[in-house]
Amino acid sequence: MTSAARRRPYGVKGAPYGFLIPATILFALFFALPIGYAVYLSFRKVHVSGLGLGSGARKEVWAGLENYTDALTDSELTHGALRVLGYGCIVVPVMLGLALLFALMLDSERVRLAPFTRLAIFLPYAVPGVVAALMWGFLYLPDVSPFYYVLEKLHLPQPDLLDGGPLYLAMSNIAVWGGTGFNMIVIYTSLRSIPAEVYEAARLDGATPLQTALRIKIPMVAPSLVLTFFFSIIATLQVFNEPTTLKPLTNSLPLTWSPLMTVYQDAFRKGDIYQAAAEAVIIAVVTLVMSFGFLRAANRRQKQEATR
């Protein structure tokens, strides 16, 4: 056996690790390293001695859990979390409900122009979030919105969607408009993977299209529903584009409307990157705990249904 032949098995075994090296380097540089640095900053603070003048008057020192204590007792961060909770209670059910409804309609045998309809529903997801928020923001402004012009000509009430309670509905509409298409595609793809024999058996048993949808299609796409719910929860907890883009258009939106906006204000307006790092770590931990808890509960339920 030649030396090249003896080295070949080792080369073949090491090939997968070679392919993983570029991805591992990128993951470490642009994901793991920034997270580690944020965690490091969250345990630091700036100590000012004297009047804060001179080269050694301001230095970075160990803060322990002080930044976390300040973040957890910050009323702005708490109020932002409550606002996002109310926002999520509107966005997630409506968005997933519409996504499931559209997916079931597109999977129906009677639907016409399915490719065009599927593309039309998905197209808003391709619009960048900032552009979508800005577009809807101008549609909400009474002075420039064509909707308010029509309401005025019809002598109908003209609600201010950028003030008070309607503001939640206005921002929720932007998220639902942009995210329904993506979730619909995920659910629709799962529906198309169901074997045709299942539908044929249901048809022979006399099941109506509604019964087929409720008793066969929806239970069989449950994993896709869990996945889309998981993604929607994460996106809701990280809402930033919509309120930040609408803020210049209304005085009803505080600069700390969402937790991520509070992090931004502390980091770039107040210049306290240490406090902002602690708040970012808290948001990340809460998101991780909620996601892990939901996935664990969903897996436990699937196992219980499988053993029945």
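Is E200 buried, partly exposed or exposed? E200 is partly exposed, at a relative accessible area of 39%; buried means under 20%, exposed over 50%, and partly exposed in between, with a 1.4 Å probe and protein chains only.

Some ground rules. This is a predicted model, in which local features need pLDDT of at least 70 and side-chain atom pairs pLDDT 80 or more, while totals for chains, interfaces and linings use all residues. Numbering runs from 1 along each chain as its sequence is written, and side-chain values use heavy atoms, without hydrogens and water.

E200 forms a salt bridge with R203 (2.6 Å, N to O), that is, a side-chain nitrogen of Lys or Arg within 4 Å of a carboxyl oxygen of Asp or Glu. Both residues lie in helix α8, residues 196–204, three residues apart, about one turn of the helix. Helices here are DSSP runs (H or I, at least four residues), strands likewise (E, at least two), numbered from the N terminus. R203 is partly exposed as well, at 43% relative accessibility.

The whole structure has six salt bridges. Next, K217 and D107, which pair at 3.0 Å, N to O. K217 sits in helix α9 (209–220) and D107 in the loop between α3 (75–106) and α4 (114–122), so the bridge ties together parts 110 residues apart in sequence. Both K217 and D107 are buried. With R192, they are linked in a network of salt bridges.

Last, E66 and K45 meet at 2.9 Å, N to O. E66 belongs to helix α2 (66–72) and K45 to strand β1 (44–48), so this pair joins parts 21 residues apart in sequence. E66 is partly exposed at 34%, and K45 is partly exposed at 27%.
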